[in-house]
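Hello,

Here is the structure I promised to pass on to you. Have a look at it below, and then read on for some notes on what turned up.

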Amino acid sequence: MCSSDLSAPLLMEEPWRLLTTVFPHGGLIHLAFNLLWIWMLGRSIEARIGTVGMLVLVVVTTLSASGLQLVFVGRPIGLSGVVYGLAGYAWMRGRRELLFRGVIDDSTRNLLVAWFFVCILLTWVGAMNIANAAHAGGALMGIALGTGRPWIAPLILSLLGTGVLFRASIPIRDPAAYEWFIEGGQAFNARDLPRAEHFLDQATRRDPDMAAAWYWL
């Protein structure tokens, strides 16, 4: 399984998967899109907080993004959660400090907010499978760190850590997962691969420990 898989047994054995979820992407376009945002926001932020500070920011926002997505029974992949973390951090610090004003302008902020809700809509209608909770988790942590109040970020991580441990210890399974698996298998046999991928992905989301669904996916 790839490093983005966050089923309960794998997470208990390999907790670093909460960090390695940023490496796999859904294709070259997805990768290029995220790297462009990382470059646009990251270089300006790193120039202000230094390389070590930037590394800490990326690691903490990754943990928050992956953790929240896992709590909501999902498989995050890519740097999108980090992008929202950087945006939230720059926006909040820009509200407080002159040094950070201009790192992210109003139009860029509004674009990212609009895209956040577009992604939710695309996921809801089944057009795309997007880790929306990871976007929210990254943004939440970025904003928390940007407030300059040192107690907020540890509190968020503690709450997410509790939720992750609960999910890992007591996996939540959706009884409908098997129905999604059957639909995916039928679509696969009919050589309708996009439809098969959609159904099998939904099956693994609803029951992360369904080995057969992972195999077919």
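**Salt bridges**

Arg109 and Asp106 form a salt bridge, with 3.5 Å between their closest N and O atoms. The term stands for a side-chain nitrogen of Lys or Arg within 4 Å of a carboxyl oxygen of Asp or Glu. Both residues belong to helix 5 (residues 106-124), where they sit three residues apart, about one turn of the helix. In general, an α-helix has 3.6 residues a turn, so residues three or four places apart point the same way. Arg109 itself is partly exposed, at a relative accessible area of 26%. Here buried means under 20% relative accessible area, exposed means over 50%, and partly exposed is in between (1.4 Å probe, protein chains only).

Before going further, please keep in mind that this is a predicted model: local features need pLDDT of at least 70, side-chain atom pairs count only at pLDDT 80 or more, and totals for chains, interfaces and linings use all residues. Residues are numbered from 1 along each chain as its sequence is written, and side-chain values use heavy atoms, with hydrogens and water left out.

The structure has three salt bridges. One of them joins Arg93 to Glu97, with the closest N and O atoms 2.7 Å apart, and both of these residues are buried. Glu97 also meets the side chain of Arg96 in a salt bridge, at 3.2 Å from N to O. Arg96 is partly exposed, with 41% relative accessible area. Together, Arg93, Arg96 and Glu97 make up a network of salt bridges.

**Helix 6**

Next, have a look at helix 6. Helices here are DSSP runs (H or I, at least four residues), numbered from the N terminus. Helix 6 covers residues 132-146, and 21 Å separates its end C-alpha atoms, in agreement with the 21 Å that its 15 residues should span. That expected span is 1.5 Å times one less than the number of residues. Because 11 of its 15 residues are buried, helix 6 is largely enclosed by the rest of the structure. Among the buried ones are Asn132, His135, Met141 and Gly146. After the helix comes Gly148, which has a positive phi near 80 degrees.

**A loop residue**

Which residue has a positive phi although it is not a glycine? That is Arg191, at about 65 degrees. You will find Arg191 in the loop between helix 8 (177-189) and helix 9 (193-206), and at 64% relative accessibility it counts as exposed.

Best wishes

Key: Helices (H or I, at least four residues) and strands (E, at least two) are DSSP runs, numbered from the N terminus.
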